[in-house]
Amino acid sequence: MITKDKIQDYIQKIPPAPKALRKTLSLLNDGELIKAAKVAESDLALKSYLKNLVNKPIFGFRSEVTDISQIFGILGVSGSQQAVYNYMTNLLSPNKWLLFNLNRTTFHSLQAELSKKWEQILLYLEISDKDVHSAITLLPASIILSEALFNKKIEDVRLLRSAKDIDFNTILIRLCKMSLFDICIEISKKWEMPDIIAQIIKASSGIEPSEDKEINRLAKWMHLLLFYQLSQPTFVEAGLNDFVDFQIDFVSDIYEDFSKLMNIGT
Amino acid sequence: MRAVVKNGIAIFSPQGFLDGDSTSAFLSIEDINATEQLKVDMVLVSLKKVVFFNRNGLDVFVKLFSKVRQANHATVGFCDYDSKKYTAIIKFYKDDLNFSLFITAKAAHLFSSSFKNESKNVLLYSNDKSQRSAMAIELHDNGHNPVIAQSEEEFIEKSKNEQAYDIILTNTFLGQMGQKIATRVTGNAIIYSIAAFLDADIGNKFNIAYHNNSLNVGFRLFIFDAYKVISMNIHALNFFSRLASSAAEYNATICFVGMTFEKTPKNFQDIMEDSGIMFFDHMDDILQNKELLKELGASSAAVGKFKRQIKKETVVELPRFINAAVATIEMMTNSKAIKEAATIDEISITNKTDKIASSIGFYGDLDGMVILVFPTKIAKKTCELLIGEKTDNNELVLDSLAELVNIIGGKLKSLLADDNLSVDITLPRTYSSVDNLLEITTGRRGVQVDLAFNNDKFLFFLTR
């Protein structure tokens with residue numbers, strides 16, 4: 001159905017990050033918000049993405065924010081970096097979604113909501129590392145990957161799943177010995193993202209916990225956040241609820257804290 | 001979302017958080033309709049991967065339960081929960097708990113007609129006395145050995161000795177149980193469960209098309225599990241006599257197990273025996289008696305009386321059939337198939353060692369039977385995707401092979417539906433050796449296509 005070669009082929013085709021983006025990122029890394037905003041202005045697609053993002057309801061601004069330096073100011077260094085990474089992930093997203101019932105808008109809101117809630121979690125955990133902040137941006141890439149790899153095989157997948165409850169990630173692992181998250185890591189390498197992002201993403205699958213305690217803790221929160229988000233009606237309807245296997249034991253010790261933080265009633 | 005159906009049990013497995021909003025997204029109207037159409041005897045919702053739920057979240061499923069039960073009398077309920085979730089559900093529905101709760105899916109199997117007579121040792125406890133007895137009766141009826149703990153202390157004490165029991169059952173609740181003629185396959189015998197009063201209605205409840213096609217596919221032993229039958233009248237008697245004479249044409253045997261004639265005229269038994277029906281007191285009298293099983297044809301099917309010829313309409317569809325089979329196997333093994341030869345004749349298998357086979361019948365606008373003969377090696381490979389690991393357990397391989405053929409059957413069905421041809425598929429039958437297969441195919445002509453997967457020979461045979 002899907003072979004290792006096909007995955008390699010897919011990874012080959014991922015374009016490197018555009019120059020302007022890399023420049024913006026490195027300036028953001030140095031904390032140069034204004035200079036970064038100037039460079040970002042030159043990339044029109046990025047500009048419109050950022051505008052769209054900040055004006056999503058979850059940010060709660062009354063009037064429209066349009067100026068890039070203003071946007072970077074609002075988001076702060078880590079928030080801006082996260083937004084740019086989100087944009088890069090977004091570059092991979094297909095024009096037309098076939099496997100999952102998503103579109104540009106719903107995918108953007110998935111990114112925005114994950115980012116915002118992740119920020120809330122990190123605040124609670126008292127973690128301010130901006131690379132950790134950005135780690136969440138790569139998670140939606142796994143969804144794009146499933147879409148890209150499986151969309152032509154949807155009938156096969158459906159048949160297979162009518163006989164056995166197997167998620168996309170497990171199918172890939174059994175067929176190619178590679179998980180969706182491994183491919184995400186390949187992408188992150190190609191985009192020269194910090195190593196810690198890849199490590200957290202890998203552990204967040206819940207299947208391969210990291211040896212590093214701190215990374216594991218973050219991965220648990222990320223795993224649960226992902227499932228919280230994918231239980232929202234829009235994403236359930238999009239068919240995302242069962243795209244990877246939820247590891248309930250992996251997150252059992254943080255559930256209480258999580259539900260308090262997200263105000264989940266009992 | 002759709003349920004995964006296996007062994008007559010449909011299981012939904014939602015993940016994450018279930019509240020009123022999200023659950024209605026989980027179950028669309030089409031999903032509910034599709035579930036009602038399923039021919040299953042249990043519909044379960046697994047809460048294994050649910051972190052959070054509230055009453056609104058469960059309500060949508062509970063509504064589905066009542067619809068399904070109305071439509072086909074299946075047993076319905078939740079399974080796979082911990083004691084916290086169990087307490088919550090009991091609290092939510094304390095007065096109108098009309099569905100069942102099974103602590104695990106495995107525990108639910110005990111109550112399903114698909115897993116009867118496995119003689120599991122079950123330790124059970126419920127603080128509700130009537131539940132305790134209801135469970136014990138059901139378990140006993142299904143051929144298991146229940147041990148009831150009368151108090152919580154006794155339960156804790158007894159459950160310390162884990163090895164003594166196959167399953168420890170607690171936090172389980174039996175709502176209304178379903179009643180219908182269920183079908184299941186043990187070895188290569190088909191078992192139907194019948195219960196209560198048998199009258200003219202049996203003709204409506206019994207899936208005769210399914211039965212006839214099972215005959216055609218090569219099933220030769222049909223057992224009616226009649227432990228729960230109270231009595232039967234003359235209409236039911238006629239029905240079974242006719243069934244027996246049609247079975248005789250295929251050299252098939254029909255058996256009744258556990259039937260008592262307390263409230264049924266004794267001469268009914270004579271009439272039924274005259275028409276060829278055999279009576280046994282216990283299921284194990286047949287299933288544990290290998291020689292009898294062989295004699296009755298469960299492990300080796302006798303040659304059918306009718307040599308049906310394959311029809312032109314079916315041959316026209318042949319490329320599609322092959323494509324469906326090949327595409328599915330390619331998908332499962334990740335290898336490419338090459339077509340080597342196609343002939344119309346009786347099946348010919350050159351090298352018979354290390355091969356297993358499987359067949360599935362289809363009926364409706366078109367009818368016929370697809371037979372696949374695999375080298376054991378390929379079969380194991382295709383099963384890896386389903387099981388997730390390498391295995392040398394032959395039964396497990398045959399079991400997943402049956403699933404694979406089922407997937408192929410499903411694919412065929414959807415391909416034919418594209419052409420507005422509507423067919424249903426029978427249960428898959430497996431053969432642990434080529435000789436077993438040849439016993440039913442001898443004398444049948446059909447289309448044989450030889451295929452090769454990375455030099456492993458593989459055979460596709462289409463007949464009627």
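**Figure 1. Salt bridges across the whole predicted model.** This model is predicted, and over all its chains it holds 16 salt bridges. Side chains of opposite charge can pair when their charged atoms come close. Two of the salt bridges lie across the interface of chain A and chain B. The views below take up several pairs, one at a time.

**Figure 2. A:Lys117 pairs with A:Glu113 in a salt bridge.** The closest N and O atoms of the two residues are 3.7 Å apart. Both residues belong to helix α6 of chain A, which covers residues 104-125. They sit four residues apart, about one turn of the helix. Is A:Lys117 buried or exposed? A:Lys117 is buried, because its relative accessible area of 13% falls under the 20% cut-off. A:Glu113 has 22% relative accessibility, so this residue counts as partly exposed.

Figure 3. A:Lys202 is partly exposed, at 29% relative accessibility. A:Asp182 is buried, at 15%. Which residues make up the network of salt bridges here? A:Asp182, A:Lys202 and A:Glu208 are linked in it.

**Figure 4. B:Lys158 and B:Glu154 form a salt bridge within one helix of chain B.** Their side chains meet at 2.8 Å, N to O. Both residues lie in helix α7 of chain B (residues 152-159). They are four residues apart, so about one helical turn separates them. How open are the two partners? B:Lys158 is partly exposed, with a relative accessible area of 28%. B:Glu154 is also partly exposed, with 25%.

**Figure 5. Chain A meets chain B.** In this interface, 34 residues of chain A contact 33 residues of chain B. The area buried between the two chains is about 2900 Å². Carbon and sulfur atoms give 62% of that area. Six residue pairs are in polar contact between the chains. Which helices of chain A each supply at least two residues to the side that touches chain B? They are α9 (154-163), α10 (168-176), α13 (213-230), α14 (233-237) and α16 (255-261). Helix α9 of chain A gives the most, with six residues. Sorted by class, this side of chain A has 19 nonpolar, six polar and nine charged residues.

**Figure 6. A salt bridge crosses from chain B to chain A.** B:Lys49 supplies one side chain and A:Asp245 the other. The two meet at 2.2 Å, N to O. By count, the interface of chain A and chain B has two salt bridges.

Figure 7. A disulfide is a covalent bond between the sulfur atoms of two cysteines. How many disulfides are there over all chains? The count comes to zero. A:Cys176 is buried, with a relative accessible area of 2%. A:Cys184 is buried too, with a relative accessible area of 0%.

Terms used. Residues are numbered from 1 along each chain as its sequence is written. Chains are lettered from A and ligands numbered from 1 in the order in which they are written. This is a predicted model: local features need pLDDT of at least 70, side-chain atom pairs count only at pLDDT 80 or more; totals for chains, interfaces and linings use all residues. Side-chain values use heavy atoms; hydrogens and water are left out. Contact means heavy atoms within 4.5 Å. Buried area is the accessible area (1.4 Å probe) that two parts lose on being put together, summed over both. A salt bridge is a side-chain nitrogen of Lys or Arg within 4 Å of a carboxyl oxygen of Asp or Glu. A polar contact is a pair of N or O atoms within 3.5 Å; within protein, one must be able to donate a hydrogen and the other to accept it, and residues adjacent in sequence count only if both atoms are side-chain atoms. Ala, Val, Leu, Ile, Met, Phe, Trp, Tyr, Cys and Pro count as nonpolar, Asp, Glu, Lys and Arg as charged, and the others, Gly among them, as polar. Buried means under 20% relative accessible area, exposed over 50%, partly exposed in between (1.4 Å probe, protein chains only). A disulfide is a pair of cysteine sulfur atoms within 2.5 Å.
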